[in-house]
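Here is a short report on strand pairing and helix packing. Please keep the structure in view while reading.

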Amino acid sequence: MKTSKKNQEMKVYGRHAALKLYEKRPQDIIRAYITQEGVFDYRPIIRHCADHKLAYHVVEKEELDTIAKATHHEGIILLVKNKKIPSVKEMLSEKGRSLIIALESVENPHNLGAIMRSAAHYGVTGIIYQAKVPVAQTASAYRTAEGGAETVPAVHVESFKEVMELAKTQGFKSFATSSHAGDTLFSLKFPEKTIVFMGAEGEGLSKELTKKLTGSISIPGTGNVESLNVSNATVAILTEWYRQGL
């Protein structure tokens, strides 16, 4: 089936998201929309568009609100080509110490964007997420990731069957996150190659998936709340993983 041109492009808005995209892949910029107030802040992007004969428009904030369908665009929207995403096999074939975050039914782009931001900060290999629709390459996920979406690949899958098979052949150990069972985060020695599976809030990981994994990780705390938001739980786990690699 031929992919439409529209499905090969996306909007990116937000200061850090736009500047990081310009830093990483300026060749993928198609068009820019910038407010008059943002002209000074985004002059390298304007210069790039002028030098490469790309359209850029200086518009009022209200017009930018309409184009973005949001008000927190920070004075810039870029129309860009979709980022090339590695395959699951390519991600799992990375050499050296590796951590992959696997998300089951995490479909909120803001949660996914926050996780991409944290993953970029801690140097995670990548994210694999199972969801009904791909949301990693959306404007809201990119905006929330604050530039992290350009650093950490997020691969969408419809099921984890292939992931589990490939992970086993590549020597990965797989862990579920749990609010009450398994090794505590601070007693676990992370293997050289690790996949940490996390589920959506409320539902958590499915029992079918959990029973296929190597073990479970729990995040110690006071017990005053039932569990952490998935993005906050990710930060706790990544902090300890990063510390162990120092």
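Strands E8 (residues 173-178) and E11 (residues 215-218) pair in the parallel sense over 4 bridges. Phe175 has Gly215 in E11 as its bridge partner. Strand E9 (residues 183-184) also runs parallel to E11, joined by 2 bridges. Here Thr184 stands opposite Ser218 in E11. Two strands count as paired if DSSP finds at least two bridges between them. Helices (H or I, at least four residues) and strands (E, at least two) are DSSP runs, numbered from the N terminus.

This is a predicted model: local features need pLDDT of at least 70, side-chain atom pairs count only at pLDDT 80 or more, and totals for chains, interfaces and linings use all residues. Residues are numbered from 1 along each chain as its sequence is written, and side-chain values use heavy atoms, with hydrogens and water left out.

Another sheet topic follows. 4 strands form an open sheet in the order E1-E4-E2-E3, with mixed pairing. E1 and E3 are the edge strands, each pairing on one side only. From one strand to the next, the twist averages 15°. E1 and E4 run antiparallel and are joined by 5 bridges. Glu9 stands opposite Lys81 in E4.

The pairings with stated bridge counts are these:

| Strands | Sense | Bridges |
|---|---|---|
| E8 and E11 | parallel | 4 bridges |
| E9 and E11 | parallel | 2 bridges |
| E1 and E4 | antiparallel | 5 bridges |

Now the helices. Helix H1 (residues 15-24) lies across E1, E2 and E4, running at about 40° to E4. H3 packs on the sheet as well, touching E1, E2, E3 and E4, and its direction makes about 140° with that of E2. Contact means heavy atoms within 4.5 Å. Axes are lines fitted to C-alpha atoms, for helices over the stretch in contact, and angles run from 0 to 180 degrees between N-to-C directions.

Which residues of H3 (residues 61-68) are buried? They are Leu64, Asp65, Ile67 and Ala68. These residues lie on the same side of H3 because they cover an arc of only 165° around the axis. The arc is taken from the directions from the helix axis to the C-beta atoms. Their cover includes strands E1 (9-13), E2 (29-35), E3 (55-59) and E4 (76-81). The face turned away from the buried side carries the exposed residues Glu62 and Thr66. Buried means under 20% relative accessible area, exposed over 50%, and partly exposed in between (1.4 Å probe, protein chains only). Just after H3, Lys69 takes a positive phi of about 60°.
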